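The sequence and the coordinates come before the text.

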Amino acid sequence: MTIETLQIPGIPQPVSRIALGTWAIGGSMWGGADDGQSIATLRQAVDQGINLIDTAPVYGLGHSESVVGKALEGIRERVVIATKVTLDWDKDGKIVRNSSPARIRAEVEDSLRRLRTDYIDLYQVHWPDPLVAIEETAAEMEKLKQEGKILAIGVSNYSLEQMEKFRSAASLATLQPPYNLFERDAENDLFAYAQQHQLVVLAYGALCRGLLSGRMQQDTTFDNDDLRSFDPKFQAPHFGHYLAAVEELKQLAHERYGKSILALAIRWVLDNGPTIALWGARRPEQLQGVNDAFGWRLTAQDMADIDAILTRHIPQPIGPEFMAPPVRKN
C-alpha cells in the first residue's frame, strides 16, 4: 500500500500523513515505557514508511526526545523530526508554560543535543503563554529559522486569534490541535483558517488516548500515573457511553469496508482536512493496521452515519481541556 504524503511548507521532504506520536515513549503519564521496545517501534515505523516523528521535551522531561535521538541514529536523513518548545518544569517535575525568548533559546539547544541532530525540521510552540506577548515568542522562533536551527515553525493548542498575532511576526507552517472522532472543536474555525492560509494540521490524539483503538472494555482500568485515570472520558458513566459508540463504529467499519475501528478513526481524520494524524505507539505490535488507513475514503453517507452514532451515544461530548498545563504565576 502506498503511504499518503503531503508537503509542509519549508520542509523539502514530503511527510507521511500518519505521524508517530511519542508522548507515551517518554514514560510519564502513560504507565511507563520500555526503551528497547520504544526504539524498535520507532525504527519499525520508519521502515513502514512513517517518516514524521512528533515528540516534545516535556514528554518524560526529556526522555522521549533522548529515545527518539538514539533510535534515529544512522537514519536521520530518512526522517522529519517535529518537536516542541515553551513548557518548563522545576526540580519536582511541575510543568508550567514559559514561552520567553530565553526559555526558547535554552530549550532548542537541549532538544538538539537529546535528538542528536544539528537541526529540527518542525519546531512547534507547545502551548500559548499569556505572560509573554505572542509576537515576542514568534519573533524568537523566526530567528531560529533564519539561523538554520529549524526549518519550519508550528503552533500547538493555539486559537485562531493567537495564530493571527503569531503570523504577524513569523512564518507559520502548521498547527496542532486535539482532533479525533470524539474531540472536534478544531472544526469550528481552525480548519477553515488552515485552508485559507495553506497550513497543515497535525491532529493529536487521533485515537483519543486509545478509546478508538477498539481494545478497551468496560472493565479496563488505568494506573494512577496514567493520565486516563483522571480523564473524564474514562470515568463512569461517560466511559460506558463512549464504549457504546465505539461498538457501533466497529460494526460500521467492518460491514462496509472490512476494516478495524482503528483504521476508520484514522481515515476519518485524514478525510476531514489538510491533516496528518498522530498515531501514538510504544510497542511494535501497536503499529499493526497503520497501512489499513490508506487507499480508501469515507463517503458522505459514511460521515453522516458516523455523526448519527455519536449523537445517539454522546449527546454532550467531553473535551480534552483537562490536559492543559498551568500558567506561571506572574
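The charged end of Arg103 sits over the ring of Trp89, 5.5 Å from its centre, where a charge counts as sitting over a ring if NZ of Lys or CZ of Arg is within 6 Å of the ring centre and within 35 degrees of the ring normal. Arg76 lies over the face of Tyr119 at 4.3 Å from the ring centre. The model is predicted, so that local features need pLDDT of at least 70 and side-chain atom pairs count only at pLDDT 80 or more, whereas totals for chains, interfaces and linings use all residues. Residues are numbered from 1 along each chain as its sequence is written, and side-chain values use heavy atoms, with hydrogens and water left out.

Arg103 also takes part in a salt bridge with Asp88, at 3.4 Å from N to O; the term stands for a side-chain nitrogen of Lys or Arg within 4 Å of a carboxyl oxygen of Asp or Glu. Because Asp88 lies in strand E6 (residues 87-89) and Arg103 in helix H3 (residues 101-115), the pair ties together parts that are 15 residues apart in sequence. Helices (H or I, at least four residues) and strands (E, at least two) are DSSP runs, numbered from the N terminus. With a relative accessibility of 15%, Arg103 counts as buried, given that buried means under 20% relative accessible area, exposed over 50%, and partly exposed in between (1.4 Å probe, protein chains only).

| Arg103 | Asp88 | 3.4 Å |

Glu109 is partly exposed, with a relative accessible area of 39%. Asp231 is buried at a relative accessible area of 0%, and Arg209 counts as buried at 7% relative accessibility. Salt bridges that share partners also join Glu4, Arg17, Arg267, Asp271 and Arg297 into one network.

Turning to the rings, there are 8 aromatic pairs under the rule that rings of Phe, Tyr and Trp (its six-membered ring) pair if their centres lie within 6.5 Å, with planes under 30 degrees apart counted as stacked, over 60 as edge-to-face and the rest as tilted. The rings of Tyr158 and Phe166 have centres 6.0 Å apart and planes at 85 degrees, so this pair is edge-to-face. Tyr158 is buried with a relative accessible area of 6%, and Phe166 is buried with a relative accessible area of 0%. Phe234 and Phe239 form a tilted pair, at 5.7 Å centre to centre and with 40 degrees between the planes, and both of these residues are buried.

As for the strands, 8 of them close into a barrel in the order E3-E4-E5-E8-E9-E10-E11-E12, with parallel pairing; two strands pair if DSSP finds at least two bridges between them. The twist averages 30 degrees from one strand to the next, where axes are lines fitted to C-alpha atoms, for helices over the stretch in contact, and angles run from 0 to 180 degrees between N-to-C directions. Strand E3 (residues 18-21) pairs with strand E4 (residues 52-54) in the parallel sense over 2 bridges, and Leu20 stands opposite Ile53 in E4.

Some backbone details remain. Most residues other than glycine have a negative phi, and most peptide bonds are trans. The peptide bond from Ala236 to Pro237 is cis, with omega near 0 degrees, and Pro237 is found in the loop between E11 and H7. Leu61, although not a glycine, has a positive phi of about 50 degrees; Leu61 lies in the loop between E4 and helix H2 (63-71) and counts as partly exposed at 36% relative accessibility. Asn157, also not a glycine, has a positive phi of about 65 degrees, and Asn157 is placed in the loop between E9 and helix H5 (160-167).
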